[in-house]
Amino acid sequence: MGSHKLYPSFSLSVSPATNLRRPLNNGRVNASLNMDVEAPNPLKLKSNGSNEVIEKDAKFIVATYARAPVVLSSGKGCKLYDPEGREFLDCAAGIAVNALGHGDPDWLRAVTEQASILTHVSNAYYSSPQAELAERLVGNSFADRVFFTNSGTEANEAAIKFSRKFQRFIHPDNKQPATEFISFTNSFHGRTMGALALTSKEHYRSPFEPVMPGVTFLEYGNIQAAIDLIRNGMIAAVFVEPVQGEGGIYSATKEFLQALRSACDDAGSLLVFDEVQCGLGRTGYLWAHEAYGVFPDMMTLAKPLAGGLPIGATLVTERVASAIAHGDHGSTFAGSPFVCSAAISVFNKIANPSFLSSVSKKGDYMKELLNQKLGGNPHVKEIRGWGLMIGIELDVTASRLVDACRNSGLLVLTAGKGNVVRLVPPLIISEEELKHAAEILHECLPALDNSN
């Protein structure tokens, strides 16, 4: 016989204040549980110590992440705390996810109320929050319809499938419809096999090859190369990020996106904007592409949409949607009442013009601060970005500065080839907090000097 694991046992104890009533009714038992529960203070919740958590992670979790040696156990606003009570200013926002910070009261109200009503039913049935969220997204974008997913990579997978189905739909007699794709240098579209094939960094793709064939990577911003390839008639869709996040905070030019739009229209290819990171207020616009006046056939969203809960969305025009039939795609969990209720609360707040204006204002303020405090350092090559999506390009690896900032209580990220410090704080961050972040960055600059 094989070996057996011993599993821990759990018991539930009910306090005397809990009122249990089990009245008999003609031999049947009706049970009800009434409990007066005080909402927990997240800053007072007990947690295992940092070392214990890190040891358990090393023992039980697949080692796909090179984590920073920090355990985060609670948060409020733009502050995060470890189990020992150490405070961090969060300018990473869960990789541009926690747009409203931690513990936003409207978000909390939405998720707690929906959790008490209905969390999941699958897409075999209709649910009100999903339809309401779709209505809001369509009413505030170029799109006519929405397909919900659970993540950004899934949203891009849906766009891949929709692109190929669309080409077959509009060319029913063509035995070889367009099936190929264009992506660009420094792009990141996800880690599942289709989205991975569209991601330019070779080290992401090479361990899993062969990935989906038919993808050509062109230089980001190279108009003529894109036009020439689109004209060959074999491109189902062009995938592009209006502002590249993972790639290093690079912004497209208006001329580049306009040229892609025109070439796709002429050749019958679809234009897909990946706004998983740059969309939904991050740049100070609701959608990053609005700044260019260029509109796609599809747009993919995810990160901030549900304020920290897993969601993705593929927004499409009616022309694209008309090619999609029942059974062409699907998801068990996507668009659940629980997650969509959270997303509605997030969208309602971010879509407010005054909120978006504040993001632009704070972004300008932060870039001005960074230029003042960091601009004269010989290691700092460029400070760039839109809104609260800011990159600090260095002439050395950024990891030493990121580590020094973390040790000083500031959480930031890397991007590009590891030489860019990426700032994507919660969109609610205050100017005072931004000033504090800039001061920590300035104080930690000596970490870039090899002699330190």
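Reader: What should I know about the model before I start?

Author: The model is predicted, so residues are numbered from 1 along each chain as its sequence is written, local features need pLDDT of at least 70, side-chain atom pairs count only at pLDDT 80 or more, and totals for chains, interfaces and linings use all residues. Side-chain values use heavy atoms, with hydrogens and water left out.

Reader: How many helices and strands does the protein have?

Author: Helices (H or I, at least four residues) and strands (E, at least two) are DSSP runs, numbered from the N terminus. Here the protein has 14 helices and 21 strands.

Reader: How do I read a sheet, and in what order do the 7 strands of the open sheet stand?

Author: Two strands pair if DSSP finds at least two bridges between them. The order is E8-E16-E15-E14-E11-E9-E10, with mixed pairing. Strand E8 (145-149) and strand E10 (215-218) are at the edges; each has a single partner strand, so one side of each is left without a neighbour in the sheet. From one strand to the next the twist averages 20°.

Reader: Which helix packs on that sheet?

Author: Two definitions first. Contact means heavy atoms within 4.5 Å. Axes are lines fitted to C-alpha atoms, for helices over the stretch in contact, and angles run from 0 to 180 degrees between N-to-C directions. Helix H5 (residues 152-170) packs on the sheet and touches E8, strand E9 (180-184), strand E11 (235-240), strand E14 (270-274), E15 and E16. The direction of H5 makes about 160° with that of E15.

Reader: In what sense do E15 and E16 pair?

Author: Strand E15 (residues 298-301) and strand E16 (residues 312-316) are antiparallel, over 4 bridges. Threonine 300 has threonine 314 in E16 as its bridge partner.

Reader: What is the order of the open sheet of 4 strands?

Author: The order is E17-E18-E21-E20, with antiparallel pairing. Strand E17 (380-386) and strand E20 (413-415) are the edge strands, each pairing on one side only. The twist averages 30° from one strand to the next. Helix H12 (residues 353-374) packs on this sheet, touching E17, strand E18 (389-394) and E21, and the direction of H12 makes about 175° with that of E17.

Reader: How many bridges do E20 and E21 share, and where is glycine 418?

Author: E20 and strand E21 (residues 420-423) pair over 3 bridges in the antiparallel sense, and threonine 414 stands opposite valine 421 in E21. Glycine 418 lies in the loop between E20 and E21. For exposure, buried means under 20% relative accessible area, exposed over 50%, and partly exposed in between (1.4 Å probe, protein chains only). At 23% relative accessibility, glycine 418 counts as partly exposed. Beyond its neighbours within four places in sequence, glycine 418 is in contact with Thr397, Ala398 and Ser399.

Reader: What does the hairpin of E6 and E7 contain?

Author: Strand E6 (residues 79-81) and strand E7 (residues 87-90) pair in the antiparallel sense over 3 bridges. The hairpin has 5 residues between the strands, and glycine 85 takes a positive phi near 90°. Lysine 79 has leucine 89 in E7 as its bridge partner. E7 is also joined by 2 bridges to strand E19 (residues 410-411), and these two run parallel. There, leucine 89 stands opposite leucine 410 in E19.

Reader: How do I read a nonpolar core, and which residues have the most contacts inside the largest one?

Author: In soluble globular proteins, nonpolar side chains tend to be buried together. A nonpolar core is a set of buried Ala, Val, Leu, Ile, Met, Phe, Trp, Tyr and Cys residues joined through side-chain atoms within 4.5 Å. The largest has 67 residues, and Ile350, Leu370, Ile392 and Leu423 have the most contacts inside it. Helix H11 (residues 337-350) gives the most to this core, with 8 residues. A second, separate core has 31 residues, including Ile230 and Val424.

Reader: Which residues of H14 are buried?

Author: Helix H14 (residues 431-444) has Glu433, Leu434, Ala437, Ala438, Ile440, Leu441 and Cys444 buried. Seen down the axis of H14, the buried residues fall within an arc of 160° (taken from the directions from the helix axis to the C-beta atoms), so they line one face of the helix. Glu432 and Glu443, on the other side of H14, are exposed.
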